[in-house]
Amino acid sequence: MDRQLPADSWPVLHDLARWLATWLFRPAFRLRLYNAANVPASGPVVLVANHSSLLDGPLLLGIPRRRSVFLIKVEMFTGVRGWFLHRIGQLAVRRDVPDRAPLLAAQALLRAGGLVAVFPEGTRGDGDSASARGGAAWLARSTGAVVVPVACRGTRRPEDAGRRFRPRVDILVGEPFQVSTERGRAGLATATEQVRSALADLVAEVDELRGIVK
């Protein structure tokens with residue numbers, strides 16, 4: 001049994017989904033991936049990414065060259081899609097109520113040396129990481145996992161734009177780092193800000209690559 005995936009997942013199906021995520025979107029997007037090797041090949045990793053489109057998760061599933069478990073809002077776990085997400089080892093999380101079960105499950109996977117991916121903003125938005133929730137920082141602090149920020153731009157269609165043909169999508173993987181181990185709520189707040197700041201800086205770097213001036 002693979003201890004880096006939930007016990008009731010199907011590793012073969014997970015690997016198939018990861019392979020599909022690597023190749024499925026290439027005909028639809030002009031995908032540019034930078035520094036993918038920054039994701040450690042082994043050991044506990046909390047991957048944190050900005051979030052502006054439903055496509056972000058499927059795209060990012062194909063980035064690490066290893067199995068990965070995403071924390072995904074529980075509303076996505078319905079019907080055939082929900083069955084599929086469950087069987088490839090993704091974890092459902094409730095955003096607006098205290099929900100420790102998926103965090104504890106993710107913590108166990110990290111302690112087994114796995115990779116867990118989190119969207120710290122908690123919901124889709126502009127994807128600029130102006131805010132962050134504390135789950136990713138808590139996971140990294142409680143397991144000793146390194147944090148790897150990933151910035152993705154181009155999946156969200158601008159509000160004033162029509163249908164786009166093969167839009168450019170840029171994905172930049174940042175350098176791994178350790179969060180603050182200061183104890184208590186203040187320490188968690190410091191670590192959360194570290195995560196948010198690193199991700200926001202990476203998003204700004206991607207925007208600069210894309211020639212976007214703000």
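**Notebook: a loop residue, a strand and a pocket**

I began with asparagine 35, which I found in the loop between strand E1 (30-34) and strand E2 (45-49), where strands (E, at least two residues) and helices (H or I, at least four) are DSSP runs numbered from the N terminus. Asparagine 35 has a positive phi of about 60° although it is not a glycine, and it is partly exposed, with a relative accessible area of 46%.

I noted that the model is predicted, that local features need pLDDT of at least 70, that side-chain atom pairs count only at pLDDT 80 or more, and that totals for chains, interfaces and linings use all residues. Residues are numbered from 1 along each chain as its sequence is written, and side-chain values use heavy atoms, with hydrogens and water left out.

Next I looked up strand E5 (residues 115-118), where Leu115 and Ala117 on one side and Val116 and Val118 on the other are all buried (buried is under 20% relative accessible area, exposed over 50%, partly exposed in between, with a 1.4 Å probe and protein chains only). E2 and E5 pair in the parallel sense over four bridges (pairing needs at least two DSSP bridges between two strands), and valine 46 has valine 116 of E5 as its bridge partner. E3 and E5 also pair in the parallel sense, over two bridges, with alanine 117 of E5 as the bridge partner of phenylalanine 70.

Last, I turned to the lining of the largest pocket, which has 25 nonpolar, eight polar and eight charged residues (Ala, Val, Leu, Ile, Met, Phe, Trp, Tyr, Cys and Pro count as nonpolar, Asp, Glu, Lys and Arg as charged, and the others, Gly among them, as polar). A pocket is an open set of points on a 1 Å grid over the protein atoms alone, where a 1.4 Å probe fits, with protein on both sides within 12 Å along at least five of seven lines, and lining residues have an atom within 4 Å of a point.
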